[in-house]
Amino acid sequence: MSTKASIPCEVSPEPRLRAVGVSDVRAIFELERSSFANPWTELQITEELSCELSYGLLLESVVEQAQVLMGYAFFRLLAPEAELLKICVNSSYLRQGYAGRILAEARTVLRANGVTVLHLEVRESNLAARKFYLREGFTETGVRPRYYSGGENAILYSCQRMSALAELPGGG
Ligand SMILES: CC(C)(COP(=O)(O)OP(=O)(O)OC[C@H]1O[C@@H](n2cnc3c(N)ncnc32)[C@H](O)[C@@H]1OP(=O)(O)O)[C@@H](O)C(=O)NCCC(=O)NCCS
């Protein structure tokens with residue numbers, strides 16, 4: 001994970017969600033490098049995009065007349081199950097609800113494709129992500145000991161709620 005200070009930035013106009021395309025590989029790679037200790041390479045991102053079961057979603061905006069990648073997520077679908085491979089938000093825009101927005105849109109698309117349960121695994125030390133997943137309705141389902149390089153455990157989560165928080169009665 002990045003140790004860079006996160007400086008909040010104003011975004012205008014409203015960011016928009018769209019499917020990831022091949023032309024986004026470079027920008028995603030840059031965000032990968034600044035966000036993960038073991039980032040995907042450009043080749044891995046390209047290969048992920050070419051996988052039939054893959055679904056990539058990104059959030060972008062225009063900041064000071066430049067296109068900015070706010071965040072993205074990649075999923076693998078094999079209905080009725082899907083896996084969240086990764087979700088990442090630009091460190092300048094954390095804690096502004098953008099990961100929640102990406103996941104909300106993804107849930108709509110996954111549900112429309114027959115997905116009823118979403119799984120993921122995350123490094124035990126990644127407390128920000130774990131809190132985010134709990135907030136998004138995921139429950140911890142197990143541990144894969146020493147799963148990651150360096151011997152870190154993977155914590156497994158699942159969620160059967162395929163609607164966004166805002167779609168639920170009292171959701172926000
Ligand atoms: C995990 C991550 C995607 C969250 O993105 P985000 O846009 O900041 O998340 P949101 O603003 O939608 O957060 C929603 C809620 O999640 C929880 N949360 C998110 N980040 C948190 C943090 N650093 N500490 C505690 N809770 C956190 C909070 O409950 C938050 O609601 P609140 O801000 O009202 O308290 C982001 O921290 C990230 O990109 N991390 C680096 C990449 C990564 O590790 N991805 C996950 C593994 S693939």
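Reply: Helices (H or I, at least four residues) and strands (E, at least two) are DSSP runs, numbered from the N terminus. Val22 lies in the loop between strand E1 (16–19) and H1. This is a predicted model, in which local features need pLDDT of at least 70 and side-chain atom pairs count only at pLDDT 80 or more, while totals for chains, interfaces and linings use all residues. Residues are numbered from 1 along each chain as its sequence is written.

Me: Which elements does the protein chain contain, and in what order do they run?

Reply: Four helices and seven strands are assigned to the protein chain. Read from the N terminus, their order is β-α-α-β-β-β-α-β-α-β-β.

Me: Why is Val22 counted as exposed?

Reply: The criterion is a count of other C-beta atoms, placed from the backbone, within 10 Å of the residue's own: 20 or more is buried, 12 or fewer is exposed, and anything in between is partly exposed. Val22 has 10 C-beta neighbours inside 10 Å and therefore counts as exposed.

Me: What does Val22 touch, leaving out residues up to four places away in sequence?

Reply: Val22 touches Thr46 and Leu49, a contact being two C-beta atoms, placed from the backbone, within 7 Å.

Me: What makes Leu84 buried?

Reply: Leu84, a residue of strand E4, has 22 C-beta neighbours inside 10 Å and so counts as buried. Apart from neighbours within four places in sequence, Leu84 is in contact with Ala73, Phe75, Leu118 and Leu120. Its C-alpha atom is 8.1 Å from that of Glu121, 37 residues away along the chain. Over the protein chain of 172 residues, 26% count as buried.

Me: Why is Gln44 placed in the intermediate class, partly exposed?

Reply: Gln44 belongs to helix H2. With 13 other C-beta atoms within 10 Å, Gln44 is therefore partly exposed. The C-alpha atoms of Gln44 and Phe29 are separated by 9.5 Å, the two being 15 residues apart along the chain.

Me: Why is H1 called oblique to H2?

Reply: The axes of helix H1 (residues 25–35) and helix H2 (residues 42–50) come within 9 Å and cross at roughly 125°. That angle makes H1 oblique to H2, because angles under 35 degrees count as roughly parallel, over 145 as roughly antiparallel, 65 to 115 as roughly perpendicular, and the rest as oblique. The angles run from 0 to 180 degrees between N-to-C directions, and the axes are lines fitted to C-alpha atoms, for helices over the stretch in contact.

Me: Which residues make this contact between H1 and H2?

Reply: From H1 they are Val25, Arg26, Ile28 and Phe29, and from H2 they are Glu42, Ile45 and Thr46. By class, this contact has four nonpolar, one polar and two charged residues. Here Ala, Val, Leu, Ile, Met, Phe, Trp, Tyr, Cys and Pro count as nonpolar, Asp, Glu, Lys and Arg as charged, and the others, Gly among them, as polar.

Me: Which parts of the chain supply the shell around the ligand?

Reply: Strand E4 (81–89), helix H3 (98–112) and helix H4 (127–135) each supply at least two residues. H4 gives the most, with five. The shell divides into eleven nonpolar, five polar and four charged residues.
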